[in-house]
Amino acid sequence: MNDKKSILIYQMAVLLICSTMGSAIVYIPNPISYVAGNAAWISLAFAYAFGMLVLACVLFLHRAYDGRGLLEMSRLLFGKTAAVLIAVLFILMLLFAIPAIVVGINSFFTTIMMKETPSFVFSFLTFFTVAFTVGKGLQVIARMFVLLLVMLIAVTLVILILAIPLYKVKYALPVMPNGVMPVLIGLFTSGGFPYGEIVFFTILLPFSSRHEEGSLSKNMYLSLSVTGIMLVLSSLCTLMVFGPATGIYKFSLYILASEIRVADIIERIESIIGIVLIIGSYMKATIYLFMLNQLFVQLLKLKNDRLLLTPLTGVCVLLSLTMFKGDSDFSQQVYVIWPLFVLTVGCLIVFTMTLLTFLRKGIKNDEDDNGRDPRIESDVQASGG
Amino acid sequence: MKTTTGEIRESNRMSKHLEDNRKKMEETFAGCGDIEFHPSSFGDNFEYKAVSVFCSTLIKDKTPTFMHDTLNDLFRKNVEEDLSPERVRQFFIKHGASTSISTMLTRYDQAVDCILNGYVVIWFDHWDTAIGYEAFQVAKREVGEPIGEPSVQGPREGTTERLADNIGMIRERLKTPRLKVEYLVAGSVSKTKIAYMYVDQAVKPATLEQFRSRLNGIDPYEVLETSYIEDWIEDSTYSPFPQYMYTERTDFAAASLLDGKIIVLVSNTPMILVCPALFVEFFATSEDYYTRTIFASLIRLLRVWAFIVALLLPSIYIALSTFHPELIPTVLLLAILDTREGIPFPAFFEALVMEIFFELLREAGIRLPRPVGSAVSIVGALVIGQAAIQAKIASPMMVIVVALTGIASFAIPHYNMGIALRVLRFPLMMVSSLLGGFGLMIGFLLTLVHLTSLNTLGEPYMSSLAPLKLRNMRDVFIRAPLSYFLKSPRNRHLHDPRRSNS
């Protein structure tokens, strides 16, 4: 590892799982079932396909621009002003996403485990932990999250296996009781959250190690598939346990865990699940705060990358306390407005960039069989030398 | 400046006159009662004088007669010729002495060093050179069973306070020129000899370089124990977690060397410092490799469980009983409530009192002489176990929790890691009493972040776990059969050296 800040390819792939599955595994089954009913898992499967598309674009851009970040890519493609605009849009998105994730944690604790504690306590402490982690740098984050993710997946699988006696296949039928429309709405929600959020990886991918053998793309596709399978599985399993009631239970996986009773020995295991699932949200918040901080560092060309970490965290704490009026407002914003925003702004930007790069590359390819944009190439040499 | 150093050098050189030399030594060692001067004469008519100087507390009983023996040697060989100082000189320069190790000394500071290191130094008339004979002998502890790390199976040999013996015992196990020993001396008063050893091609070059650069500059410090070195080269002094490991077992030291570790030995202490030490290595003992695979693996898992219990059990109990009683199965909850009836304190305070009491007992037990120590533990057990419950200060459940925690922390094989647990347990208890499961989770995450960000000699402390290296997992939570270890770090010297530093 020549570059001190870079992380290994498999660690990058793990970060992708963390950020896509992290909070979604506990939050997603409920709203998708709410809108799509029995067909929730089909929506999720389609959304996974959409996620693959987004990831393909992100990886294409990463290759085409020789591992540059979002800011430089957009500067090369659209010019300086547009690049700043794009960065600001992404910053706004992250400034919504990070508090939303933490509010998710808050509401889990305030509604289920500790009803009397005010939510600012959770906000403050969670953000303290998140900022502390970000301050330690990406390598520490990556190393640690591999461990946590193994734990997260293992616990989720154990729950789903222990719940086998509760499954009733008849709940899952008919597959699409209300036609195609609910599936599409479900697809819209889950396409935005969590799959559309893959566009944020344009910020993170430059940190992947470039001195390492092995294919980044393969690892990333594989890890997205892990997310896809886990999400589909968890929504299918909750559906088979609760049937039509799935859409009503918030934190359905947690409720599922509380239903498990094996021979009077294994029971009341939901608290472990709760904590483990919340750790997923923590991981996602950490990755996003790192991205947000990096965007500022790159935008303002800061030398000290911890300079803005504390103020940014402070802003996020305040946002998390003021942004949502209540649970219903939270659901509305996170499951309706946020996906719309991700799809129309984030995904659109990335798709446009991909298309433009692709077209330009195609034209240049006809002119000289170089395979790369000469303009980019020269820039690479200039900055590399 | 040049002249002054020249003058110093000049004044440091021995004189040709015996009286000058003697006077200089007497001045230097004024007030040192254990420095002895033994004059004698030689030559045909005993017209020439000689004097031997030594530190009587440092040398073997019979060595004051060294000079006589040496001169006798001369007489025997040179009966025909007359014994002038010139003859004596020629003899020593050409033949050396017949007995023991000897060195020629020309400067006073060399002579002082030699005397303080247990040499007998002899001056002769008309000669500006002295001869030093090694005659060091100080009573030291015999090689015995390592007290800190006893074992049921495997060698019972432990290190002693003698540096040379310790190095010898390690070298006996690794008969290769690749085992390097490098010495340095630290401290202007103690002049402690420090040795570090490593196996070339097993140690990572970057680690060795890092180690050397950190050890640089220790010379002016008085090093009295290996822990001084630990403190000196540590990455994070304020972390509760030990970043280096100690051992008194030579077999463990040899195994560590094969693992690519650097070991540090300091004279006059039996403790060997193994660096760098990774987090997961604190769960292993040398005995794991002497017992059968299945048993060794189960024991390892038991230790990991003990670690979790020792760190978290009191906090989990506090969190559950104060914040989340609904998560305890009903029957158990009723039992707990039953035992807690009439206890005036909240669970946190109860736990705190009992834990502090336990720590107190443990500390008292260590320092006291053995016969009194057992009395303390009997009284302590009675007080903790029986009286506290009857007086309604603590509930039986809490006693179980505290006792289990204590026993679990004893199951961690390395003492230093046990200390880390003792330190961390209290803040975790505090956060869980304030914020229940959430606080516990925050505490756990912060600890994990800290652990992951720690480095030891440039290597990630959580290595093999974070960054995760599945290949090394065969020697972390389980101990795979030894035949699988051919490709493990232990046999790194067999691998391609270029790949080993990745």
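Domain bounds, as I use them in this notebook, come from an automatic or database domain assignment.

**Entry 1: ground rules.** I am working with a predicted model, in which local features need pLDDT of at least 70 and side-chain atom pairs count only at pLDDT 80 or more, while totals for chains, interfaces and linings use all residues. Residues are numbered from 1 along each chain as its sequence is written, and chains are lettered from A and ligands numbered from 1 in the order in which they are written.

**Entry 2: chain B and its domains.** I looked up the assignment for chain B and found domain 1 (2-134), domain 2 (163-277) and domain 3 (289-460). The C-alpha centres of domain 2 and domain 3 of chain B are 33 Å apart. Helices (H or I, at least four residues) and strands (E, at least two) are DSSP runs, numbered from the N terminus.

For chain B as a whole, I noted 16 helices and 12 strands. Of its contacts with a separation of 6 or more, 68% join residues 24 or more positions apart.

**Entry 3: a sheet in chain B.** Here I followed an open sheet of 5 strands in the order β6-β7-β9-β10-β8 (chain B), with antiparallel pairing; two strands pair if DSSP finds at least two bridges between them. Because β6 (179-186) and β8 (245-247) of chain B each have a single partner strand, they stand at the edges, and one side of each is left without a neighbour in the sheet. The twist from one strand to the next averages 25°, with axes taken as lines fitted to C-alpha atoms, for helices over the stretch in contact, and angles running from 0 to 180 degrees between N-to-C directions.

I counted 8 bridges between β6(B) and β7 (residues 192-199) of chain B, where V181(B) stands opposite M197(B). The hairpin of these two strands has 5 residues between them, and its G187(B) takes a positive phi near 90°. Between β9 (residues 262-266) and β10 (residues 272-275) of chain B there are 4 bridges, and V264(B) has L273(B) as its bridge partner.

**Entry 4: one serine.** Leaving aside neighbours within four places in sequence, I found S256(B) in contact with K261(B), I263(B) and V274(B).

**Entry 5: the nonpolar cores.** A nonpolar core is a set of buried Ala, Val, Leu, Ile, Met, Phe, Trp, Tyr and Cys residues joined through C-beta atoms within 7 Å. The largest has 218 residues, and V58(A), F145(A) and I263(B) touch the most other members. This core draws at least three residues from each of domain 2 and domain 3 of chain B. Another core, of 27 residues, lies apart from it and includes W127(B) and I131(B). Beyond four places in sequence, F145(A) is in contact with V14(A), L15(A), C18(A) and M283(A).

**Entry 6: chain A.** Helix α3 (residues 29-36) of chain A is largely enclosed by the rest of the structure, because 8 of its 8 residues are buried. G37(A), with a positive phi near 60°, follows α3(A).

Finally I looked at where the chains meet, and the contact takes 21 residues from chain A and 22 residues from chain B. On the chain A side, α7(A) supplies the largest share, 6 residues, and that side divides into 14 nonpolar, 3 polar and 4 charged residues.

Terms used: Buried ≥ 20, exposed ≤ 12 C-beta atoms within 10 Å, placed from the backbone. Contact = placed C-beta atoms within 7 Å. Nonpolar A, V, L, I, M, F, W, Y, C, P; charged D, E, K, R; others polar.
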